[in-house]
Amino acid sequence: MGLYINKGNAWFQAIRRTEYVDKSGLIAIVNNTLLTELRFTCVTRCRRFGKSMAAKMLAAYYDHSCDSRSLFSDLQIAGDASFEEHLNKYPVIYIDMTGLFMLHKEYDDVVKRIDKAVRDDVAAAYPQVPLLEDDDLMGLLLRIVYDTKKPFFLIIDEWDALLRECSLNKDLDAIALKKKDDFVNWLRRLFKDANASDAFVGVYMTGILPIKKYDTQSALNNFQEYSMVKPGGMGGFFGFTKDEVRMLAERHRMDFDELEKWYDGYQIGPQPSMFNPNSVMTALREEWCESYWGRTGATDAITGYINMNYDGLKDDIIQMLAGGRCKVDPIGFQNDLAEVHNRDDVLTVLIHLGYLSYDRRERECFVPNLEVSGELKNAVRDLKWKHVANALQQSERLLQATIACDEAAVACALEAAHSDDTSILSYNDENSLACVLSIAYYYARNDYHIHREYASGKGFADLVMIPRKNVSKPAIIIELKKDKDVKTAIDQIKERNYPQKVAEYTGDILLVGINYDTETKQHSCKIERWKK
């Protein structure tokens, strides 16, 4: 066993000894590509979505230096026709690019050192094939394959680590640019060499960003890509499905609704609802749902992008924090953190980093769940968006005041959410009305399902909040008016029978009418308890 070649199955043994959700169906998909023109696969997902775990599973399955049958015999792949054909049949090279790059990152010739480290390790495993003075990794691999007649299965985990690190160099100095160029040429040597298909039975790479559209595209244009934006048939193998989380919740006697509220919401291709797997498993271990995102990703990773505030970006972030959606065109993004030039680029970066989910059919992005929403809330606080930050900070008091029927306190709290300085919060149209309410009642999403423009009775209520399972609080129906008597809002709720529909879900209901006077810039509020 070497550092990079034929590492055996110890990693996957450790994974199987812990609680494992069967994602071995991925192996069947990769098996179908082996020794074909489709043998080069690149899967990109945000952190915490099981990329490395899947890579270790593949290494254990293909590695010819070990016997992994017992590790897979009870998994889905064991029933696939290709299982026996490829089980432990190939020499496997596994490169953790993050670790290898960090080991040599201070050196200008970092790529040469990476190549040498892997090359020397492979050479030690094949003493019968002499290492020539001018051998690089690819040259050695080709000579080994011609000697042994056994091509390699190559895994590169976090393939884009070097490119991402260099892109974060704000000045992009000559040294950083040279490292990027050297790395692109290294990839080109491995995968665009005329004999690349001879060297590899298959190649599997993971990363965060898809292949860059310029420099690396020519080096990797023979790869089949599966990303957060275009996941293809890989959607179900990264992240947890609802059925998988339900099974885990039952096993651990955890509240599925809580897990769903905190960690669900990623729409990855045909998969309508995927959970963050790392956060789910952490919550199960700790028997508590909260944000575990901050343990593996810093808020400042996104504040720089949000603070660019390209045309309309601030309004978009506020609208999504309020539970809305925004149109986005991810096609123009060059898949490079140093090439962010407009609003769509920023939103696309946030999709690839996992801070937003993407609905490919509607071409819209949105905040997936409470965990990520909390990280965006922290970013807004750090950016010092005064009115938004104040509204978010006061939202818990606003909910308490509403439930207590404290009309004056509700009117006062709404002043913090309304801002003529920010168009989305300035009551310009119906969307901004609903956005103000949703931001103001941000805290309520802990205990409520919140619906904007809720179809109820004979029309659409501005905001309806229905208690979550096991929450003993009243439902709330809110109607917002401009330059009207506040009683008008309450009367509309009653006349259009909004409570009738909501009553199907709950017992007590509060009717909340709010009016904004454009002349005095003041809010007024009236709250009534609705009785069946």
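Good morning. I begin with two helices: the axes of helix H13 (residues 242-252) and helix H14 (residues 256-263) come within 9 Å and cross at roughly 135°. Here axes are lines fitted to C-alpha atoms over the stretch in contact, with angles from 0 to 180 degrees between N-to-C directions. H13 is therefore oblique to H14, a class left over once angles under 35 degrees (roughly parallel), over 145 (roughly antiparallel) and 65 to 115 (roughly perpendicular) are set aside. Lys242, Val245, Arg246 and Ala249 of H13 make the contact with Phe256, Leu259 and Glu260 of H14, contact meaning heavy atoms within 4.5 Å.

The model is predicted, so local features need pLDDT of at least 70 and side-chain atom pairs pLDDT 80 or more, while totals for chains, interfaces and linings use all residues. Residues are numbered from 1 along each chain, and side-chain values use heavy atoms, without hydrogens and water.

Helices (H or I, at least four residues) and strands (E, at least two) are DSSP runs, numbered from the N terminus. Two strands pair if DSSP finds at least two bridges between them.

Let us turn to strand E8 (residues 271-275), which 2 bridges join to strand E6 (residues 240-241) in an antiparallel arrangement. Thr241 stands opposite Met274 of E8. Met274 is also the bridge partner of Tyr266. Strand E7 (residues 266-268) pairs with E8 in the antiparallel sense over 2 bridges. E7 and E8 form a hairpin with 2 residues between them, and Gly269 in the turn has a positive phi of about 60°.
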